[in-house]
Amino acid sequence: MFAERSYIDPDPDPLGRLLQERAAEGQGVIDLTASNPTQAGLRYDAATILGALGDPRALTYAPAPCGLPAARRAVAYYYRHRGVALEPARVLLTASTSEAYAAIFKLLGDPGEEILIPRPGYPLLSHLARFEGLRPVAYPARYREGLGWSLDLDVLEALVSPATRAVVAVSPNNPTGAYLKPQELAALDTLCARHGLALIVDEVFADYPAARGNARGYTVAGRTRALTFVLSGLSKVVGLPQVKLGWMAVGGEEALAQEACARLETLLDFYLSVGAPVQHAVGRLLGLGKGLRGQIQARLAANAGFLERRLSGGTGLRLLVREGGWYAVVAMDAPGGDERLLELVRRDRVLVHPGHFYGFDRPGCVVLSLLTPEATFRRGVEHLVARCGKI
Ligand SMILES: Cc1ncc(COP(=O)(O)O)c(C=O)c1O
């Protein structure tokens, strides 16, 4: 009766089941996985947000497949602040970044064709590819102690087959926090151009570098020759996932980019899924972004600083090199990582994500959300050290 692509295994591993049970209990758990900014104790300017969303122009339905011109200009203006002059005509709006992926996958691949996605990486990507009938193929990143993550471009290229349609890069990656380095981008661009592949770069966390000056404002938009889609949205840029606005900036070789935009316009016209209120509000919402990002950055920095200090000095736990984003990865030296995590969740009621959710090869990795309110984060980390550190 049902399509194979609509099947998701409902039976996660024992840790996954336990996490679901504990999360459902709600009370009394210490949640170090939470990444919903609207429930993280941040201060939102409610009057401005609601005022912007209440613009009376939203009472008129004026269908525009790629988004209203003023809304597209507002997004292009956000990139201007990051040092890139984008044509608003090359900015296409969607209801979320996930929806932008779906549209691009429909544009590029026929059923059975392949998309290269990062590993470790954001677990949703393989589902998004499958839902469009495409086969996700994971390419690995390499971790070197003290140096951090880098792409293994030889391995990536060896995975390119006649069925490959695109390479997805997430910069900074979720959850490793690794930015795409300029030399990696140049190599990926060349590789994509050589093999006739599109490059999709997800920059939802690009505004959150770990260190001042590190990759600040760096965007791939406007920097490539291969057909490129740079994705982002209001979820992370202004901490408003519920208003539902994402976008893609289409770049690369002129004729290809033009045809991609024309085809996407036709495709998006069948859905018209972006609401009028958010399109009329986006300029003002992006204007609030700096303040919200400042609060989020302060939270991320405080939690990352605490984690680094707490794990130093022979705890048997190491914070992996992190360049940005909302997450931290902790590696355990002690054996039996997943059993210890089970105990951490079962007995201490601390929710964390095990590395294997994200495709980490090395056992004993834990992913923590740095967006967690600071007091909760500290309590959770104390339990983590006691349960999973050196004994
Ligand atoms: C890497 C990455 N891309 C995209 C998204 C989804 O963004 P949106 O809410 O705009 O669909 C997320 C959400 O956490 C993410 O981590």
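Lys-236 puts a polar side-chain atom 3.0 Å from an oxygen atom of the ligand, a polar contact in the sense of a pair of N or O atoms within 3.5 Å. Taken alone, the ligand exposes 400 Å², and the protein buries 89% of that (accessible areas by the Shrake-Rupley method with a 1.4 Å probe). Keep in mind that this is a predicted model, where local features need pLDDT of at least 70, side-chain atom pairs count only at pLDDT 80 or more, and totals for chains, interfaces and linings use all residues. Residues are numbered from 1 along each chain as its sequence is written, and side-chain values use heavy atoms, with hydrogens and water left out.

**Around the ligand**

- Ser-235 also reaches the ligand, with a side-chain N or O atom 2.6 Å from a ligand oxygen.
- The shell (residues with a heavy atom within 4 Å of the molecule) consists of Ser-96, Thr-97, Ser-98, Tyr-122, Val-170, Asn-174, Asp-202, Val-204, Phe-205, Ser-235 and Lys-236.
- By class, that shell has four nonpolar, five polar and two charged residues (Ala, Val, Leu, Ile, Met, Phe, Trp, Tyr, Cys and Pro count as nonpolar; Asp, Glu, Lys and Arg as charged; the others, Gly among them, as polar).

**The largest pocket**

- The ligand takes up the space of the largest pocket (a molecule sits in one if more than half of its atoms lie within 2 Å of its grid points).
- Helix H4 (97–108) and helix H8 (234–237) are the elements giving two or more residues to the ligand's shell (helices are DSSP runs of H or I with at least four residues, strands are runs of E with at least two, numbered from the N terminus).
- On a 1 Å grid over the protein atoms alone, a pocket is an open set of points with protein on both sides within 12 Å along at least five of seven lines, a cavity is a set where a 1.4 Å probe fits but cannot get out, and lining residues have an atom within 4 Å of a point.
- The largest pocket holds about 1,200 Å³ of space (the volume filled by probe spheres set on the points, with points joined across faces, edges and corners).
- Its lining runs to 46 residues, and Tyr-122, Pro-123, Leu-124, His-127 and Tyr-358 lie nearest the centre.
- Class by class, the pocket lining splits into 23 nonpolar, 16 polar and seven charged residues.

**The cavity**

- There is one cavity of 30 Å³ or more, and the largest cavity has about 160 Å³ of space.
- Of the 18 residues lining the largest cavity, Ala-141, Leu-151, Val-170, Asn-173 and Ala-178 are closest to its centre.
- E3, strand E4 (135–144), strand E5 (148–151) and strand E6 (164–170) each supply at least two residues of this lining.
- The cavity lining has eleven nonpolar, four polar and three charged residues.

- Ser-171 and Pro-172 are joined by a cis peptide bond with omega about -5°.
- Asn-174 to Pro-175 is a cis peptide bond too, with omega near 15°.
- Pro-172 is in the loop between E6 and helix H7 (182–195), and Pro-175 lies in the loop between E6 and H7.
- Leu-272, a residue other than glycine, has a positive phi near 45°.

How values were computed:
A polar contact is a pair of N or O atoms within 3.5 Å; within protein, one must be able to donate a hydrogen and the other to accept it, and residues adjacent in sequence count only if both atoms are side-chain atoms.
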